[in-house]
Amino acid sequence: IAGSNVIAGRVDFGATAKSLDVAAYSADGRLISALQPTLQLQGIVGSAGGIVKTGNGALQFNAPAGYSGPTVVNAGSIRTGATLGGSRNSALTVASGAFLNLNGLTTAWGSLAGDGVIMNSSTSAATLVVGFDGSSTIFSGQLTRNNDSAVNTVALQKVGTGAVSYT
């Protein structure tokens, strides 16, 4: 998928994990901005199979999603486009070199694992809430802000049973 695309309405990816290869904005073969969303899911996402995000673009969740399958970010990013955008029922894994951009908003995921980056590109504070699926995970990545011109915060809140180990 290249360019800015919005899928409005309910999307159901089915019972098996689906791969979404999302390319970043480019002009004449040059990357314009990896932080801008190139595919936006505007409505409720339902799926038991989950999503595997590939490609160096940004997949943006503009509404709370109800799917329960895992979300794996192997490349590029997932971006929060609305408060609670994403799925609190989905186990989130952010691979090395990939990131979750909180975008100055609060969002919730079932759990957090991997060794990627959780970042905030906005000048507003952002919070990631994890633990709704009750699993125990390991996260060895970074929590960081991506805006040196303004002081902003990135908060991580753990709820529910299970544990998140940080290494």
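**Exercise 1. Work out what share of the protein's 167 residues counts as buried, and which secondary structure the chain holds.**

Step 1. Of the 167 residues, 44% count as buried; buried means under 20% relative accessible area, exposed over 50%, and partly exposed in between, with a 1.4 Å probe and protein chains only.

Step 2. A word on the model: it is predicted, so local features need pLDDT of at least 70 and side-chain atom pairs count only at pLDDT 80 or more, while totals for chains, interfaces and linings use all residues. Residues are numbered from 1 along each chain as its sequence is written, and side-chain values use heavy atoms, with hydrogens and water left out.

Step 3. Now the secondary structure: there are zero helices and 21 strands. Both are DSSP runs numbered from the N terminus, helices being H or I with at least four residues and strands E with at least two.

**Exercise 2. Find the strand order of the open sheet of seven strands, and say which strands stand at its edges.**

Step 1. Follow the order β1-β6-β9-β11-β13-β16-β19, where the pairing is parallel. Two strands pair if DSSP finds at least two bridges between them.

Step 2. Look at the ends: β1 (5-7) and β19 (142-145) each have a single partner strand, so one side of each is left without a neighbour in the sheet.

Step 3. Zoom in on β9 and β11 (residues 77-80), which pair in the parallel sense over four bridges. Here Gln60 stands opposite Arg79 in β11.

**Exercise 3. Identify the residues that touch the most other members of the largest nonpolar core, and the element that gives the largest share.**

Step 1. Start from the meaning: a nonpolar core is a set of buried Ala, Val, Leu, Ile, Met, Phe, Trp, Tyr and Cys residues joined through side-chain atoms within 4.5 Å.

Step 2. The largest such core has 27 residues, and those touching the most other members are Phe61, Leu100, Trp109, Leu112, Ile118 and Leu128.

Step 3. Two or more residues come from each of β2 (11-14), β6 (37-41), β9 (58-61), β12 (91-94) and β17 (126-130). The largest share, three residues, is that of β17.

**Exercise 4. Describe the surroundings of Phe61 and its ring pairs.**

Step 1. Is Phe61 buried or exposed? Phe61 is buried, with a relative accessible area of 1%.

Step 2. List its contacts, meaning heavy atoms within 4.5 Å. Leaving aside neighbours within four places in sequence, Phe61 touches residues including Leu41, Val45, Ile51, Tyr67, Arg79 and Trp109.

Step 3. Count the aromatic pairs: the structure holds two. The rings of Phe, Tyr and Trp (its six-membered ring) pair if their centres lie within 6.5 Å; planes under 30 degrees apart count as stacked, over 60 as edge-to-face and the rest as tilted.

Step 4. Phe61 and Tyr67 have ring centres 6.3 Å apart and planes at 25 degrees, so this pair is stacked. Tyr67 is buried too, at 0% relative accessibility.

Step 5. Phe61 and Trp109 form an edge-to-face pair, 5.8 Å centre to centre with 80 degrees between the planes. Phe61 lies in β9 and Trp109 in β14 (residues 106-109), so the pair ties together parts that are 48 residues apart in sequence.
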